[in-house]
Amino acid sequence: MKLYNSLKRKKEEFRPIEDKKVRMYNCGPTVYSYAHIGNLRSFTFADILRRYLEYTGFKVKQVMNITDVGHMTAESLDAESGKDKMEEAARKENKDPWQIAEFYTEAFLEDSERMNFLQPHERPKATEMIEDMIELIRKLIKKGYAYVINNCVYFDISKFRGYGKLSGNTVEKLKHGAGGRVKKNPDKKSQFDFALWIEDSNHIMHWSSPWGEHGYPGWHVECSVMAMKYLGETIDIHTGGEDNKFPHHECEIAQSEGATGRKFCNYWLHVKHLLVDGNKMSKSKGNFYTLRDLIEKGYSPKALRFLYLKAHYRKQMNFTLEGLKEAEDNLASIWDFMDRLEEWNFEYDNNPKLEELMEKARKGFEREMDDDLNTPGALAVIFDFVKSVNKLMDQKKLSNADSDMVYDLITRFDQVLGVLERDREELPDWAKKLIEKREKLRKEKKWKQADKVRDELREKGIVVEDTPQGPRYRYA
Ligand SMILES: [Zn+2]
């Protein structure tokens, strides 16, 4: 399996530190508002990556954090000159930042479930790991990588020789204007040093530390600590959006490697920006969407997930509502196909041609996914396969057993893609009771009474279909 490693600026064969095991860290959400569709694209990629690694037989340990303090409105190296996003949101919503964190963490977990993301094995919150952060900062001070001024701690980037290896923004280049403009902070030895610990008497979320009574950690140090706490000093994969590469990930490398003297992460994977209607997404332009906005407009979360899969994660994707509608139609055609397979009831000798088609589909799917998770390629393989099987069904050249095998293969692909199986609408309790009653009557071979219940269900808008796999119920 090949992955594009931002650190090497090329595709590389993926080799984990430990055979068949993968330690993966995904930069998680900052819970100051609902996740937008750009964030969700990045998290969908992380989910697909984990699922495909598992599909190929790796045992993955996935850690995705919750950032609930210290992520500033300024995301350059002088982030300390900005404001904490959490506290800004609290001020706007007239709540305290802890309430903001709780509310949007809950909202994010709901969105994750709707998007069909697997639960990461660990989901640490930054505010719950302050002790570990203080410990890491102490180590950096002791080793000469960090210094204290006015109760704040800064990382001295001139001391870490590898600075810039991920983003290309070396100390030399920063001096010549790379990495954006930064404000002069008289406390810092160099304007490009970044804050590890910030003392601020007005900050609502605060902790006492060896450097002062009223401080909080910088965003970068949080991720270093949370990654190493659960995955060890060297991890296999670290993901994030391309905007995280600098300064966030560059600083994570400096802190982690400065503290441990070891390589922090072998494969850095970054998801490209998303445009909306051809422009950068922004609230002021009115082209800003959260998952909730799309659900309100009548779109399903699975359609969004499918739309993401139609674009390669390293290509810029242009989101439009028309595109989302088209994704929903594509998905419906697969769901119809799955229904057709389930309902297929035809005696026929097993078709040798089918085995060939299935083998071709499986190999094609794996070839595309092995190539840096080429999901659009994998979908093309699946659509071709669906077309061929539909043709066999039209020609009545597919047996019951064949249709089951095809169904199983698509289900196997869907362990990775997480969209190909239809969302079953939850039926109301009265309907479930009637269904149970009908099942019981059928078991007792009381056909007439069972039919009566079926008619009653139909009158109330629930259709019963008896398939080879048993009865299925859906809204009319
Ligand atoms: Zn992070």
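# Exercises on a predicted protein chain

Residues 24 or more positions apart account for 72% of the contacts in the protein chain with a separation of 6 or more; two residues are in contact if their C-beta atoms, placed from the backbone, lie within 7 Å. The model is predicted: local features need pLDDT of at least 70, side-chain atom pairs count only at pLDDT 80 or more, and totals for chains, interfaces and linings use all residues. Residues are numbered from 1 along each chain as its sequence is written.

**Exercise 1. Describe the protein chain as a whole.**

Solution. 
Step 1: The secondary structure comes to 15 helices and 16 strands. Helices (H or I, at least four residues) and strands (E, at least two) are DSSP runs, numbered from the N terminus.
Step 2: The C-alpha trace spans about 85 × 50 × 40 Å along its principal axes.
Step 3: Of the 476 residues, 41% count as buried. A residue is buried if 20 or more other C-beta atoms lie within 10 Å of its own, exposed if 12 or fewer, and partly exposed in between, with C-beta atoms placed from the backbone.

**Exercise 2. Determine how strands β10 and β11 are paired and connected.**

Solution. 
Step 1: β10 (residues 235-241) pairs with β11 in the parallel sense over six bridges. Two strands pair if DSSP finds at least two bridges between them.
Step 2: As one example, Y267 in β11 is the bridge partner of I237.
Step 3: Between the two strands the chain passes through helix α7 (residues 245-260), and this β-α-β crossover is right-handed. The term applies if, with the strands pointing away from the viewer, the path from the first strand over the helix to the second runs clockwise.
Step 4: β11 (residues 265-271) is mostly covered, with six of its seven residues buried.

**Exercise 3. Classify the crossing of helices α2 and α3, and list the residues in contact.**

Solution. 
Step 1: The axes of α2 (residues 85-93) and α3 (residues 97-114) come within 8 Å and cross at roughly 100°. Axes are lines fitted to C-alpha atoms, for helices over the stretch in contact, and angles run from 0 to 180 degrees between N-to-C directions.
Step 2: α2 is therefore roughly perpendicular to α3; angles of 65 to 115 degrees count as such, under 35 as roughly parallel, over 145 as roughly antiparallel and the rest as oblique.
Step 3: M86, E87, A89, A90 and E93 of α2 make the contact with P97, I100 and A101 of α3.
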